Amino acid sequence: KATERVRDYRAKRFEAATQDSLKAVAAGVASGANLQALIITAAKAGATLGEISDSMRGVFGLYREYAGF
């Protein structure tokens, strides 16, 4: 049911603006800019938290804790 809501939400947004804002977030991460305004803009454009996180992960990578002794 939650996946249906997300699918419906994505269908109603303006996709070009959303993708542009996600690219801006990734560019901001790469340049070391303050991300707060970029993330707010992406959210207002209709990007989901997962999409914003994925755009940041694409630049930062994913931290994996070392579990050895």
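I began with the crossing of helix 2 and helix 4, which is right-handed. I note that the model is predicted.

I then looked up the geometry of this pair. Helix 2 and helix 4 pack at an angle of about 35°. Their axes lie 9 Å apart.

Next I listed the residues that make the contact. Helix 2 brings T18, L22, V25, A26, V29 and A30. Helix 4 brings E51, I52, S55, M56, V59 and F60. I sorted the residues of this contact by type: nine are nonpolar, two polar and one charged.

I turned to the core. The largest nonpolar core has eight residues. I wrote them down as L22, V25, V29, L35, A42, A47, I52 and M56. Which elements give two or more residues to this core? I found helix 2 (15–31) and helix 4 (49–60). Helix 2 gives the most, with three residues.

I checked V29, one of the core residues. Leaving out residues up to four places away in sequence, V29 touches L35, M56, V59 and F60.

Last, I looked at S21, which is found in helix 2. The side chain of S21 reaches the backbone oxygen of T18 at 2.7 Å. I also noted that S21 touches T41, A42 and A45, again not counting residues up to four places away in sequence. Of these, A42 is on my list for the largest nonpolar core.

Terms used. Residues are numbered from 1 along each chain as its sequence is written. This is a predicted model: local features need pLDDT of at least 70, side-chain atom pairs count only at pLDDT 80 or more; totals for chains, interfaces and linings use all residues. Side-chain values use heavy atoms; hydrogens and water are left out. A nonpolar core is a set of buried Ala, Val, Leu, Ile, Met, Phe, Trp, Tyr and Cys residues joined through side-chain atoms within 4.5 Å. Buried means under 20% relative accessible area, exposed over 50%, partly exposed in between (1.4 Å probe, protein chains only). Helices (H or I, at least four residues) and strands (E, at least two) are DSSP runs, numbered from the N terminus. Contact means heavy atoms within 4.5 Å. Axes are lines fitted to C-alpha atoms, for helices over the stretch in contact, and angles run from 0 to 180 degrees between N-to-C directions. A crossing is left-handed if the near helix is turned anticlockwise from the far one by less than a right angle, and right-handed if clockwise. Ala, Val, Leu, Ile, Met, Phe, Trp, Tyr, Cys and Pro count as nonpolar, Asp, Glu, Lys and Arg as charged, and the others, Gly among them, as polar. A polar contact is a pair of N or O atoms within 3.5 Å; within protein, one must be able to donate a hydrogen and the other to accept it, and residues adjacent in sequence count only if both atoms are side-chain atoms.
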